[in-house]
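Please keep the sequence and the structure open while reading.

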Amino acid sequence: MGDWWYRNVVEPGKLPLLLALLSFVGSFLVTRTVTRLIRAGKGPFRNIRSGGVHVHHVVPGIFLMLVGGFWAVATGRHGAGPLYAAVIFGTGAGLVLDEFALILHLDDVYWTEQGRKSVEVVMLTAALVVLVLTGFTPFGVNDLTTVERQNRALLALNIGVNCAFALIALFKGKLRMALIGMVIPFVALIGAVRLARPGSAWARRFYRNRHRARARAGLRAFHHDRRWARPRRRFQDWIGGFSPDPKPLPEADAPERRPPPR
């Protein structure tokens, strides 16, 4: 076991990445647990306020990411410094991405339908890091031999083609396939050759006068969402703590209500 650990984790230099992943997932789970307790009015936890302003945990998360990132750059790759920096960075990343929806919408949508985007981004980020740890390298070049890696033209062509497929999949409204396709070859290719999702930039540009393609894209998206929307929502509810009948927040922790502008 020790030989496997050294050969697959320590020697390739993946230990900081592994620590960052563990701290990232742990930070997210602890944060979700604390916020669920605050929402239910249980335990000693309360929202942090300063001068009547609710301080979201994305604020200390950004601070930790800055400390961990700059520390990693300053210490290089030797010693214990990168390990501590990885833990600090992963913890901050978990705090920040847990409120990804707040950053995206610039509004406190943590427990709303839009807040599910935070759970999706956290799960996707963790999945990508796991893929990198298990042997996949970015841009899908992990299957090249040592001789092929020395051929810079072939390496650049591989990266360029894979990135092009990922961009096409992104324009077709398939964000997950585009991101995963940057790590696993051929995933982005599948997203690039299939029909675009309705409302995507690709559909608005190329399906404008193609009524049959637009109808097929809408029907395929409808069947896909009907098949996977309910299991995905249940999984998000289980991880994120979403519920159809949330308990109202205590008056001291409820967000401030401002009168509408006249």
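## Helix α3

The expected span of a helix is 1.5 Å times one less than its number of residues. The model discussed here is a predicted one. Helix α3 covers residues 58–75, which makes 18 residues, so a span of 26 Å should result at 1.5 Å a residue. The C-alpha atoms at the ends of α3 lie 25 Å apart, in agreement with that value.

Which residues of α3 are buried? They are Val58, Gly61 and Gly68. Viewed down the helix axis, the buried residues of α3 fall within an arc of 85 degrees, so they line one face of the helix. The cover over these buried residues includes α4 (81–98) and α5 (100–105). Phe63, Phe70 and Ala74, on the other side of α3, are exposed. Glycine 76 comes just after the helix and has a positive phi of about 80 degrees.

## The chain as a whole

The protein chain contains 12 helices and 2 strands. Along the sequence, the order of elements is α-α-β-β-α-α-α-α-α-α-α-α-α-α.

Of the 262 residues in the protein chain, 29% are buried. Among contacts in the chain with a separation of 6 or more, 61% are between residues 24 or more positions apart.

## Helix α2 and arginine 32

The same span check can be made for α2. This helix comprises residues 15–40. Its 26 residues should span 38 Å at 1.5 Å a residue, and the distance of 37 Å between its end C-alpha atoms agrees. The buried residues of α2 are Leu18, Ala20, Leu21, Ser23, Phe24, Ser27, Phe28, Thr31, Arg32, Thr35, Ile38 and Arg39. The elements against which these buried residues pack are α1 (2–10), α4, α6 and α12. Glycine 41 follows α2 and has a positive phi, near 75 degrees.

Leaving out residues up to four places away in sequence, arginine 32 touches Asp98, Tyr110, Trp111, Gly115, Ser118, Val119, Ile239, Gly240 and Phe242.

## Lysine 117 in helix α6

Lysine 117 is a residue of helix α6. Its relative accessible area is 32%, so lysine 117 is classed as partly exposed; that class lies between the limits of 20% and 50%.

What does lysine 117 contact, apart from its neighbours within four places in sequence? The residues in contact with lysine 117 are Phe100, Leu104 and His105. Lysine 117 is also 18 residues from glutamate 99 in sequence, with 8.9 Å between their C-alpha atoms.

## Two exposed loop residues

Leucine 106 is in the loop between α5 and α6 (116–133). Its phi is near 55 degrees, which is a positive value in a residue other than glycine. Leucine 106 has a relative accessibility of 74%, so it counts as exposed.

Glycine 199 sits in another part of the chain, in the loop between α10 (187–193) and α11 (201–206). With 53% relative accessibility, glycine 199 is exposed because the cut-off is over 50%. Glycine 199 and alanine 217 are separated by 18 residues in sequence and by 9.9 Å in space, C-alpha to C-alpha.

## The second largest pocket

Rolling a probe the size of a water molecule over the atoms shows where empty space is left. The second largest pocket has a volume of about 630 Å³. Its lining consists of 17 residues, of which Arg176, Met177, Arg197, His224 and Asp225 are the closest to the pocket centre.

Where does the largest share of this lining come from? Helix α12 contributes that share, with 8 residues. Both α9 (175–181) and α12 (211–240) supply at least two residues each to the lining of the second largest pocket. Sorted by class, the lining holds 8 nonpolar, 2 polar and 7 charged residues.

Notes. Residues numbered from 1 in each chain as written. Predicted model: local features only at pLDDT ≥ 70, side-chain atom pairs only at ≥ 80, totals over all residues. Heavy atoms only, no water. Helix = DSSP H or I, 4+ residues; strand = E, 2+ residues; numbered from the N terminus. Buried < 20%, exposed > 50% of the residue type's maximum accessible area, 1.4 Å probe, protein only. Arc of directions from axis to C-beta. Contact = heavy atoms within 4.5 Å. 1 Å grid on protein atoms, 1.4 Å probe; cavity = no way out; pocket = protein on both sides within 12 Å on 5 of 7 lines; lining within 4 Å. Points joined across faces, edges and corners; volume = space filled by probe spheres on them. Nonpolar A, V, L, I, M, F, W, Y, C, P; charged D, E, K, R; others polar.
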